[in-house]
Amino acid sequence: MHPGRARRPLAGTGLLPGTSAWVGSFAVSSSAVETARQEWIEGHRRFHEEIKDPRRRPWLLSHLEQITAELRKRIGTTFTLAELTETYAGVEDWARDALAESGAPGWPRDVTLVADEAFHLYARGATDYRP
């Protein structure tokens, strides 16, 4: 890095390149946060393609509501992107459980799609969120 140039946080992460944030008992790197955010953006795009199908729309919205409610229970309303990224690491298991308990049809194929959309939307509430 040039000595006269200040390091800037990675877009939307609040973390400087090559740094980490401690969450729980381990560090979440800035690259892990950025990778997760890219997955959420791609999931958001896919979700909005799938929701165009009028037969799937009600189920997808219901699944989104259920996963978002479970996410809120797990992380609360005050969190950082690093904390959200840590929660995302185990999303397949707990999101699958949340949807299975609801008994909604079609949930197995929608877990990843809907989880990525939920995290994409929820990330906007992070204390260090930047578009």
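Let's start with burial: of the 131 residues in this protein, 39% are buried. Keep in mind that this is a predicted model.

Now the overall layout. The protein has five helices and two strands. Reading from the N terminus, the order is β-β-α-α-α-α-α. On contacts, take pairs of residues at least 6 apart in sequence: 68% of those contacts join residues at least 24 apart.

Thr68 sits in helix 2, which covers residues 57-75. Is Thr68 buried or exposed? Its relative accessibility is 16%, and the cut-off for buried is under 20%, so Thr68 counts as buried. What does Thr68 touch, once residues up to four places away in sequence are set aside? Ala118 and Tyr122.

On to charges. Side chains of opposite charge can pair when their charged atoms come close. How many salt bridges does a search of the whole structure find? The count is 11. I'll go through some of them.

Start in helix 1, residues 30-50. Glu42 and Arg45 form a salt bridge there, with 2.5 Å between the closest N and O atoms. The two are three residues apart in the helix, so about one helical turn separates them. Glu42 is partly exposed, at 33% relative accessible area. Arg45 is partly exposed too, at 44%.

Then Asp53 and Arg55. Their salt bridge has its closest N and O atoms 3.1 Å apart. Arg55 counts as exposed, because its relative accessibility is 67%.

Back to helix 2. Here Glu70 pairs with Lys73 in a salt bridge, at 3.8 Å from N to O. The cut-off for a salt bridge is 4 Å, so this pair falls within it. The spacing is again three residues, about one turn of helix 2. Which of the two partners is buried, and which is exposed? Glu70 is buried, at 19% relative accessibility. The buried class ends at 20%, so Glu70 falls under that limit. Lys73 is exposed, with a relative accessible area of 69%.

Some salt bridges also share partners. Through them, Glu50, Arg56, Arg109 and Asp110 are joined into one network.

To recap: five helices and two strands, 11 salt bridges, and one four-residue network made of Glu50, Arg56, Arg109 and Asp110. Thanks, and over to you.

Methods:
Residues numbered from 1 in each chain as written. Predicted model: local features only at pLDDT ≥ 70, side-chain atom pairs only at ≥ 80, totals over all residues. Heavy atoms only, no water. Helix = DSSP H or I, 4+ residues; strand = E, 2+ residues; numbered from the N terminus. Buried < 20%, exposed > 50% of the residue type's maximum accessible area, 1.4 Å probe, protein only. Contact = heavy atoms within 4.5 Å. Salt bridge = Lys/Arg side-chain N within 4 Å of Asp/Glu carboxyl O.
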